[in-house]
Structure formats: structure tokens, C-alpha cells
Amino acid sequence: MTNQLFEETQLVKPLTGKVAIVTGASRGIGAVIAKELAAQGAQIVAAHKADSATIQNVVTAIREEGGLIEPIPCDIAVLEDAERFVAQTIEKFGKVDILVNNAGVTKDRSFRKLTREDWDTVIDINLTGAYNMTKQVIEPMIAQNYGRIINISSIVGQAGAFGQTNYSASKAGLIGFTKSLALETASKGITVNAICPGYIETEMVAAMPDDVKEGIVSKVPIRRLGQPEEIAQAVSYLISASFVTGQQLNVNGGLYM
Ligand code: CAA
């Protein structure tokens, strides 16, 4: 009897019954976060671009493992689209427990060449996108006295990077947003934290000029790029950590301390 109880306890995954929205879940770090949270039993609601060529791969991979994922297209830069996305999520699954604001883009150019369009695109998706999504989930989270909001910032928001004034501003903005929202919601069962990845092996980093990338890796104390799974680990930790809020968790191989 005791053995049977033990085995049954082992079958209960830590995020069973939780509903988790992950933005930018169609590839890169977001796809791996979605897979990890699904493996822990969460119902994933994946926000992806309407024309995404890769979301179906993520959906298939998660479902093959017995995970729960619902892909819903959403342009997070558009407030009304975020509203529709979260309304559909709540209609279908009843609630939102976890929001991972992960979606992000780069338009790298030295500031002298950076156009207003390059600026707006990156700020609208990386920073305003997080506002748009968070705005929709905050009241339902307060009403249920539980929420986990995790904003994927970047080492570039802390240390800057050549050719990334727009991206750096958006990622630094997410850190300030995290701290202020954490203060406002700490007494309501909600934690709000940022993760600051260093250079992670994704298409975004692969697109960097080889010499710039090699120069960066040579400065990383752990001497390699990070893996998306190492960011997903940090997300899991922040979901489980009930006394941690308003923090920026650096996952960068020691590149910035
Ligand atoms: N460091 C120092 N100087 C640089 C430089 C660099 N990395 N890149 C270019 N320069 C210099 C050039 O030599 C040139 O100098 P001169 O005027 O004296 O000739 C000047 O800056 C202008 O060069 P360009 O005309 O080539 O500059 P550009 O506007 O076309 O921009 C760039 C070049 C797009 C920034 C290119 O260097 C680049 O792609 N750099 C990598 C940017 C980067 O780090 N991206 C990170 C992506 S990963 C990510 O963002 C995820 C994350 O969160 C970590």
C-alpha cells in the first residue's frame, strides 16, 4: 500500500492543473520553455505569429510526449490582439496561472544607422508586447490570488551591446517593469521576475557575425554558449519560488555578474 501511494505521488507532475501562457513559443528559447513546462504537467497556451512556420513542430513534439498545448496566433504588439488571445485562453481553460513574456526580436544596427522603424519594431514587440499581455492577465491573477509572471530580459539590457540600442532599451525596460509590477502585486499572491539570459545557442545568436560571436564566447567564464534548456530551468525555478519576486536572475555563464 505504501509503495503504491509512493508511486502515485511520483506520477503527479508539479505543474499539473496550471495554465501557462508562453509568448514566442514557436522556436528558440520560447519553444524549449513551452516543452519544459508541458513536461511538468502545465497546460501550455502558445502565442505565436499567425504566419509561423515552426509552431506546428512544437505542438507535435509536446503532444507526442503526452503534453498539453494549445497554439493560438497573437500579435503581441497589438493590444486588441492580446485581449482576444487571453479572452480565448480563459474561455477555454478557465484561468491563467503563469505568463512567460518571452517573445523578442532584434534589429541590430549602430545607432547612427538605426531608423525610427527599427526602434519602434523592437520596442513594440519586446517591451510593449509584455505590457499588452500582462495587462490582460493581471486582474484574473489578482482575483485568484496566484500568479507567476516571468519576463525574459537579456544581458544586453544590463551591459549594453554594440549595435543594439533599441534591443538594449527594450530589455532594460523589462527589468524596470518587473521590479515595479512586483512591488504592486507582491501582497496579492503574484510574483514577477526577470531572467537575463546571456548568449544562448539559438537562431538569434547564430545570426551574429562569427567574429563578434567568437569574441563573446572567449569572454564567457564557462567558455561556451548557453543552451535554451538552461533558461527553461530558470523559468521552472521561478515558478516554484514563492518568496522570490522583483529579481533579475542572470543565466549567462558568468559573463555579467
Ligand atoms: N564592436 C566595435 N565596433 C564595431 C562593431 C563591434 N561589435 N561592429 C561594428 N563596429 C564598427 C565598425 O568597424 C565601423 O567602424 P568605422 O566607422 O570606424 O569603420 C562602425 O562600427 C560601423 O560599422 P558598421 O557600418 O558595420 O555598423 P552597422 O550599423 O552595420 O552595425 C552590427 C553592425 C549590425 C552592429 C554588427 O556589428 C552586428 O551584427 N553585431 C552584433 C550585434 C549583437 O551583439 N547582436 C546580439 C544578437 S543575440 C541577442 O541579442 C540575444 C541576447 O539577448 C544576448
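A polar contact is a pair of N or O atoms within 3.5 Å; within protein, one of the two must be able to donate a hydrogen and the other to accept it. The model described here is a predicted one.

**Residues of helix α5**

With this definition in mind, consider Asn126, which lies in helix α5. A polar atom of the Asn126 side chain is 2.9 Å from the backbone nitrogen of Val105. The side chain of Asn126 also makes a polar contact, at 3.2 Å, with the side chain of Ser170. Is Asn126 buried or exposed? Its relative accessible area is 2%, and Asn126 is therefore buried, the cut-off being under 20%. Apart from neighbours within four places in sequence, the residues in contact with Asn126 are Ala103, Gly104, Val105, Tyr167, Ser170, Lys171 and Leu174.

Gln136 is also found in helix α5, which comprises residues 116-144. The relative accessible area of Gln136 is 16%, so this residue is buried. A polar atom of the Gln136 side chain lies 3.1 Å from the backbone oxygen of Asn132. When neighbours within four places in sequence are set aside, Gln136 is in contact with Leu79, Ala82, Glu83 and Val86.

Val137 has its place in helix α5 as well. With a relative accessible area of 0%, Val137 is buried. Beyond its neighbours within four places in sequence, Val137 contacts Ile21, Val86, Val96 and Leu99. Val137 and Glu83 are separated by 54 residues in sequence, while their C-alpha atoms are 9.2 Å apart in space.

Helix α2 covers residues 28-39. Its 12 residues should span 16 Å at 1.5 Å a residue, and because the end C-alpha atoms are 17 Å apart, the model agrees with that expectation. Which residues of α2 are buried? They are Ile29, Gly30, Ala31, Val32, Ile33, Ala34, Leu37 and Ala38. These buried residues pack against the strands β1 (19-23), β2 (43-48), β4 (98-101) and β5 (147-152), and against the helices α3 (55-64) and α10 (228-240). After α2 comes Gly41, which has a positive phi near 105°.

Helix α10 consists of 13 residues, and the distance from its first C-alpha to its last is 19 Å, close to the expected 18 Å. Its buried residues are Pro228, Ile231, Ala232, Ala234, Val235, Ser236, Leu238 and Ile239. The cover over them includes α2, β4, β5, β6 (190-197) and β7 (248-251).

**The ligand site**

There are 18 residues around the ligand, and those that come nearest are Asp108, Ser110, Lys113, Ser154 and Tyr167. By class, this shell holds 9 nonpolar, 6 polar and 3 charged residues.

| Residue | Distance to a ligand oxygen atom |
|---|---|
| Lys113 | 2.5 Å |
| Ser154 | 2.6 Å |
| Tyr167 | 2.7 Å |

On its own, the ligand has 1000 Å² of accessible area, of which the protein covers 58%. Tyr167, listed in the table with a distance of 2.7 Å, is also among the contacts of Asn126.

Note on methods. Residues numbered from 1 in each chain as written. Predicted model: local features only at pLDDT ≥ 70, side-chain atom pairs only at ≥ 80, totals over all residues. Heavy atoms only, no water. Near = heavy atom within 4 Å. Areas by Shrake-Rupley, 256 points an atom, 1.4 Å probe, with all protein chains shown as cover. Nonpolar A, V, L, I, M, F, W, Y, C, P; charged D, E, K, R; others polar. Helix = DSSP H or I, 4+ residues; strand = E, 2+ residues; numbered from the N terminus. Expected span 1.5 Å × (residues − 1). Buried < 20%, exposed > 50% of the residue type's maximum accessible area, 1.4 Å probe, protein only. Contact = heavy atoms within 4.5 Å.
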